[in-house]
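Please walk through this structure one region at a time.

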Amino acid sequence: MEIVHYPHPALRWKSSDVTRIDASLRETVGQMFELMYEAQGIGLAANQVALPLRLFIMNPTGDPNESESEFVFINPEITSRKGSVLGEEGCLSLPELYAEVRRADEITVEAYDLDGQGFELKIDDLPSRVIQHESDHLDGVLFIDRISESAEKELAPKVGEFETRFRQLQAAGEIPDDNRLRDELEAQVAALTQG
Ligand code: ZN
């Protein structure tokens, strides 16, 4: 498992609901936490490890020793959004790129945890921003889709560099081409949502 970078097709994938919470999923989530901490992130969606499932993890402290701040959101739904606030965001799939993004201030989110228990959180500040950013990932939406026109112009060269690097790796055969990557995602959806 590894974190995929823009413009990997998994990042534009509308993910499928998780239908089974089992040992294999718990193992996957454990690996995602390891990758997130290694990359010094505070949130990671399954799309970002090329897994087409509606699932993301979060630890707003970014500190692996603060495991009580770890959250797993399975099949999350943001059921209410209040207010509006501007704040800086980055993304582990677009490393070292940052921009201001307008998000709802306070949200209510419903999801399932790794024991299959449903929960509801009413939350603001940083965790609210992380949850909105990660929920977007599950729909194939990136934070660069939500920035101002002027920020978009400013970031365009850097975004272009990601694109160039990714295509070079594909040309060199180090990453499969987009059609193959999409086929792999389809195959995973079929395998994961069976039974
Ligand atoms: Zn992200």
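Helix 3 covers residues 149-171, and its 23 residues should span 33 Å at 1.5 Å a residue; the C-alpha atoms at its ends are 31 Å apart, which agrees. These values, like the others below, come from a predicted model. The helix does have a kink, of about 50° at Leu155, shortly before the proline Pro157. Leu155 is also one of the buried residues of helix 3, together with Ala151, Val159, Phe162, Phe166 and Gln170. What do the buried residues of helix 3 pack against? Their partners are strand 5 (94-103) and helix 4 (178-192). After helix 3 comes Gly173, with a positive phi near 80°.

Five strands form an open sheet in the order 1-2-3-6-7, and the pairing is antiparallel. Strand 1 (43-45) and strand 7 are its edge strands, each pairing on one side only. On average, neighbouring strands of this sheet are turned by 35° against each other, direction ignored.

Strand 6 can be followed through its two pairings. With strand 3 (residues 71-82), strand 6 (residues 106-112) pairs in the antiparallel sense over six bridges. Within this pairing, Ile74 has Tyr112 of strand 6 as its bridge partner, and Ser80 stands opposite Thr108. Strand 6 also pairs with strand 7 (residues 118-123), again in the antiparallel sense and over six bridges. Strands 6 and 7 form a hairpin with five residues between them, and in the turn Gly116 has a positive phi of about 80°.

Two helices lie across these strands. Helix 1 (residues 23-38) lies across strand 1, strand 2 (55-58) and strand 3, and runs at about 45° to strand 2. Helix 2 lies across strands 1, 2, 3, 6 and 7, running at about 155° to strand 2.

Cys91 counts as buried because its relative accessibility is 9%, under the 20% limit. His137 is buried as well, with a relative accessible area of 1%.

The backbone exceptions remain. Most residues other than glycine have a negative phi, and most peptide bonds are trans. Tyr6 and Pro7 are joined by a cis peptide bond, with omega about 0°; Pro7 lies in the segment before helix 1. Glu96 is not a glycine, yet has a positive phi of about 65°. Glu96 is placed in strand 5 and is exposed, with a relative accessible area of 65%. Asp125, also not a glycine, has a positive phi of about 55°. Asp125 lies in helix 2. Is Asp125 buried or exposed? With a relative accessible area of 58%, Asp125 is exposed.

Terms used
Residues are numbered from 1 along each chain as its sequence is written. This is a predicted model: local features need pLDDT of at least 70, side-chain atom pairs count only at pLDDT 80 or more; totals for chains, interfaces and linings use all residues. Side-chain values use heavy atoms; hydrogens and water are left out. Two strands pair if DSSP finds at least two bridges between them. Helices (H or I, at least four residues) and strands (E, at least two) are DSSP runs, numbered from the N terminus. Buried means under 20% relative accessible area, exposed over 50%, partly exposed in between (1.4 Å probe, protein chains only). Axes are lines fitted to C-alpha atoms, for helices over the stretch in contact, and angles run from 0 to 180 degrees between N-to-C directions. Contact means heavy atoms within 4.5 Å. The expected span of a helix is 1.5 Å times one less than its number of residues. The bend at a residue is the angle between axes fitted to the seven residues ending there and the seven starting there.
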